[in-house]
Amino acid sequence: FAVCFSYRSCAIMAAVKEYELANPPSDGIAAVEFAPDSASLLVASWDFTLRLYDPYTNSERYRMKHQAPVLDCCFADGSHAVSASVDRSLRWHDLSAGTSVGLGTHEKAVKCVNYIKSSGAVASASWDATLRTWDPRAPGKETGTYRLPDKAYTMDAVGNRLVVGTAGRHVLVYDIRNMSEPEQRRESSLKYQTRCIRCFPNGAGYALSSIEGRVSIEYFDPSEAVQKKKYAFKCHRRNEGGVDTVYPVNAIAFHPGYGTFATGGCDGTVNVWDGENRKRLTQFSQYPTSIASISFSSDNALVAIASSYTYEEGEKEHPADSIFVRYLTDTDVKPRPKKQA
């Protein structure tokens, strides 16, 4: 892989389409997330660590260790982040100072964490079937607890909405200004277990993926006219020797500039989709193993891809866990004009 030591070598790296990050985690990669205002990249791992990388210099800038695997992470701003762990804890990190403090705890592993920009709160969802909110200005101060129908699998936020997907194919949509009851209670349009939910950048809805090689496109507006626009499609499938193999879709990420989105599956591929026109734009080259997480940088220039076996086939020998950073072109992510009839 290419390593960048100067602005000149960064330009050389840009000529390289894709490279691996140096010094990746030593166990499964649970989540990757770019900062909201830079190319800094957070990585949560089953090796108990939260790490911060600078992709342009291919270097690790920060590392903190939990007492158990780290299942999720998010930025609050460019210099603060939150991590969620199997050790039941949330930690608040000052990345500039290189310090962290306990933010709160659940009764079981914390599966998901999001920073709510509009309110300055942190939301966490757990295998203990609760959603909780926290004030990072007062570590340890829980500001709300909300019962979920089952253990949490995935969560995302946009504007004043927070969307949680749980076991049992439940989807709950909250208005964070009044979380006493969900704004909407839904059942997934897909027949099998939910893996990932990510909200549209424009706040109109969300994409949801399942273990059965499908993605659904959903809208918040309950009106009949808008609900007619929702749809689902098959992806991350292979036909080999006349036999169809269907793979879980572990990851979804929206491009912040164009609103197109990428999906990553246990087939080791990343596809980029134009949801508006219902077309696949591109498929990146095959990765060594399952895609566990994907994130686009805020400047639209990079995508980080976690290639990390997710144990969908149980314990077996598998390729090393890796994080690939890819330089994007418009060909990769820009919607194409509709052909005139």
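Welcome to a predicted model, in which local features need pLDDT of at least 70, side-chain atom pairs count only at pLDDT 80 or more, and totals for chains, interfaces and linings use all residues. Residues are numbered from 1 along each chain as its sequence is written, and side-chain values use heavy atoms, with hydrogens and water left out. Strands here are DSSP runs (E, at least two residues), numbered from the N terminus.

**The sheet that holds β17**

- β17 belongs to an open sheet of four strands in the order β14-β15-β16-β17, with antiparallel pairing; two strands pair if DSSP finds at least two bridges between them.
- At its edges are β14 (152-158) and β17, each of which pairs on one side only.
- On average, neighbouring strands of this sheet are turned by 15 degrees against each other, direction ignored; the axes are lines fitted to C-alpha atoms, and angles run from 0 to 180 degrees between N-to-C directions.
- Strand β16 (residues 170-175) runs antiparallel to β17 and is joined to β17 by four bridges; Val-173 has Gln-184 as its bridge partner in β17.
- Strand β15 (residues 161-166) also pairs with β16, in the antiparallel sense over five bridges, and here Leu-162 has Tyr-174 of β16 as its bridge partner.

**A second open sheet**

- Four strands in the order β18-β19-β20-β21 make up another open sheet, again with antiparallel pairing.
- β18 (194-199) and β21 are the edge strands, each pairing on one side only.
- Five bridges connect β18 with strand β19 (residues 205-210) in the antiparallel sense, and Arg-198 finds its bridge partner in Ala-207 of β19.

- Val-246 sits in strand β23 (residues 243-246).
- With a relative accessibility of 34%, Val-246 counts as partly exposed (buried is under 20% relative accessible area, exposed over 50%, and partly exposed in between, with a 1.4 Å probe and protein chains only).
- Beyond its neighbours within four places in sequence, Val-246 is in contact with Glu-212, Gly-213, His-236 and Arg-237, where contact means heavy atoms within 4.5 Å.
- Val-246 and Val-82 are 164 residues apart in sequence, and their C-alpha atoms are 34 Å apart in space.
- His-236 lies in the loop between β21 (231-234) and β22 (237-240).
- His-236 is buried, because its relative accessible area is 3%; its phi is near 50 degrees, a positive value in a residue other than glycine.

**Tyr-311**

- Look for Tyr-311 in the loop between β29 (302-307) and β30 (322-327).
- Tyr-311 has a phi near 60 degrees, a positive value in a residue other than glycine.
- Tyr-311 counts as partly exposed, at 36% relative accessibility.

**The second largest pocket**

- The second largest pocket is lined by 18 residues, of which Phe-200, Tyr-219, Gly-259, Gly-275 and Glu-276 lie nearest its centre.
- The lining of this pocket divides into 10 nonpolar, four polar and four charged residues; Asp, Glu, Lys and Arg count as charged, Ala, Val, Leu, Ile, Met, Phe, Trp, Tyr, Cys and Pro as nonpolar, and the others, Gly among them, as polar.
- A pocket is an open set of points on a 1 Å grid over the protein atoms alone, where a 1.4 Å probe fits, with protein on both sides within 12 Å along at least five of seven lines; lining residues have an atom within 4 Å of a point.
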